[in-house]
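Reader: I would like to learn how to read the sheets and the helix packing of a model from its strand pairings and contacts. Could we take it one feature at a time?

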Amino acid sequence: MTSPISIILGPLAAFYDDPNTVEMRMTRPKRVVVDRRGQGKITLDAPELTLARIEDICRSLACVTGVKFHPETAPKLSCVVPEVRHRFECLVGASVQTGVSMAIRCKHPFEPSWEQVGAAPAVVAYLKSAVLAEKNMIVSGATNTGKTTFLNKLLRFLSDSRRVIAVEDTPELEIDRFWDGVGLLAAREASTASGMVDWRQLYDHQMRGTPDHVIFGEISTQNAFAALGALNSGITGFMCTIHAESPYQVLHRKFDQMIAWSGQTMPRVPEFLAELVDVVVQIKRSTDGYRRITDIYEPRNDNWVMRDGDFLEKDAA
């Protein structure tokens, strides 16, 4: 039986239901940009998706997911599309010159092969060894480069019996098979009466749960301080993803920036990260819609294992 929200979302689902769709976007009413795996970006007409229809969709999603939306007083909506779990982000009103800015990040089941992510057998062997050795690892990339997909791929190297404790604000990490593991969800908004707790409280719970592996979702202003606290606790097997264009940015800019934006302070963050992070894996999106590893850097050893797509086997630890 079709649910009411599915009917309301029908005009959008017509575009994002294709399993090869990685993301669909709108920069103005009645026109959709679709990014499809193996095809890249295309533009399509969408006459049903008027501004009024988009606002109705946002109201319905806000109601179902328990967040705020109003075209005039709360014009930004961030949520997860029910049933399909796609990430939904929309801004309407005076802050958008064309009236609407929307992006739906699709979470269709897809596991790229190692070849598709640009990893030769030697690279795969290196990554597997790093995961099994409980190295502290960061997966870096720009928006929509498949960071979480790649992190899930790394997690598949682990035994089902590992004590994996993951914390994120949107359920994307694949941890169900870890029978001694658990997934924690942080409240996206402090004012949301959802019964969920914030990142600080989850950090305390996570660290008292005797984890073999501490997994953070995407690093943001809300959780950067907690992630650094986890690293500073002496744990191993830490993993997370972060928006950055290079391993240099990961170490020297992004954490510093996130912590500053959150209103907190922490001295010498780059030095701190260089001492505690073992591996940074950089992923970039190509014009064919696939995402590939371009660089692997070892901060502790100041060593490049892979650079600009070339595996430097002689330098790999």
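This is a predicted model: local features need pLDDT of at least 70, side-chain atom pairs count only at pLDDT 80 or more; totals for chains, interfaces and linings use all residues.

Reader: Which residue of strand 2 does Glu23 stand opposite?

Author: The general idea is that strands of a sheet pair through backbone hydrogen bonds, either parallel or antiparallel. Here strand 1 (residues 21-28) is also joined to strand 2 (residues 31-36), again in the antiparallel sense, by 5 bridges, and Glu23 stands opposite Asp35 there. On strand 6 there is a further pairing, with strand 5 (residues 87-92), which runs antiparallel to strand 6 and is joined to it by 6 bridges; in that pairing Val92 has Val100 as its bridge partner.

Reader: In what order do the 6 strands of this open sheet come?

Author: The order is 3-2-1-6-5-4, and the pairing is antiparallel. Strand 3 (40-45) and strand 4 (76-80) each have a single partner strand, so they stand at the edges, with one side of each left without a neighbour in the sheet. When direction is ignored, neighbouring strands of this sheet are turned against each other by 15 degrees on average.

Reader: How many strands form the open sheet whose pairing is mixed?

Author: That open sheet is formed by 9 strands, in the order 9-8-10-11-7-12-13-14-15. Its edge strands are strand 9 (182-185) and strand 15 (310-311), each of which pairs on one side only. For a parallel pair, look at strand 7 (residues 137-141) and strand 12 (residues 279-285), which are joined over 5 bridges; Met137 has Val279 in strand 12 as its bridge partner.

Reader: Which strands does helix 8 touch where it packs on the sheet?

Author: Helix 8 (residues 247-261) touches strand 7, strand 11 (239-243), strand 12, strand 13 (291-298) and strand 14 (303-307), and its direction makes about 80 degrees with that of strand 11. Helix 6 (residues 199-207), for its part, lies across strand 8 (164-168), strand 9 and strand 10 (213-218), and runs at about 180 degrees to strand 8.

Reader: Which residues of helix 9 are buried, and why do they lie on the same side of the helix?

Author: The general idea is that an α-helix has 3.6 residues a turn, so residues three or four places apart point the same way. In helix 9 (residues 269-276), the buried residues are Val269, Pro270, Phe272, Leu273 and Leu276. They lie on the same side of helix 9 because they cover an arc of only 160 degrees around its axis. Helix 7 (224-231) and helix 8 are among the elements that cover these buried residues.

Reader: At what angle do helix 8 and helix 9 pack?

Author: Their angle is about 120 degrees, with the axes 8 Å apart, which means that helix 8 is oblique to helix 9. The crossing is right-handed, and in it Val250, Leu251, His252, Phe255, Asp256 and Ile259 of helix 8 meet Val269, Pro270 and Leu273 of helix 9.

Reader: What angle do helix 7 and helix 8 make where they pack?

Author: Helix 7 and helix 8 pack at about 125 degrees, with their axes 8 Å apart, so helix 7 is oblique to helix 8. On helix 7 the contact is made by Ala224, Phe225, Ala227 and Leu228, and on helix 8 by Phe255, Met258 and Ile259.

Note on methods:
Residues are numbered from 1 along each chain as its sequence is written. Side-chain values use heavy atoms; hydrogens and water are left out. Two strands pair if DSSP finds at least two bridges between them. Helices (H or I, at least four residues) and strands (E, at least two) are DSSP runs, numbered from the N terminus. Contact means heavy atoms within 4.5 Å. Axes are lines fitted to C-alpha atoms, for helices over the stretch in contact, and angles run from 0 to 180 degrees between N-to-C directions. Buried means under 20% relative accessible area, exposed over 50%, partly exposed in between (1.4 Å probe, protein chains only). The arc is that of the directions from the helix axis to the C-beta atoms. Angles under 35 degrees count as roughly parallel, over 145 as roughly antiparallel, 65 to 115 as roughly perpendicular and the rest as oblique. A crossing is left-handed if the near helix is turned anticlockwise from the far one by less than a right angle, and right-handed if clockwise.
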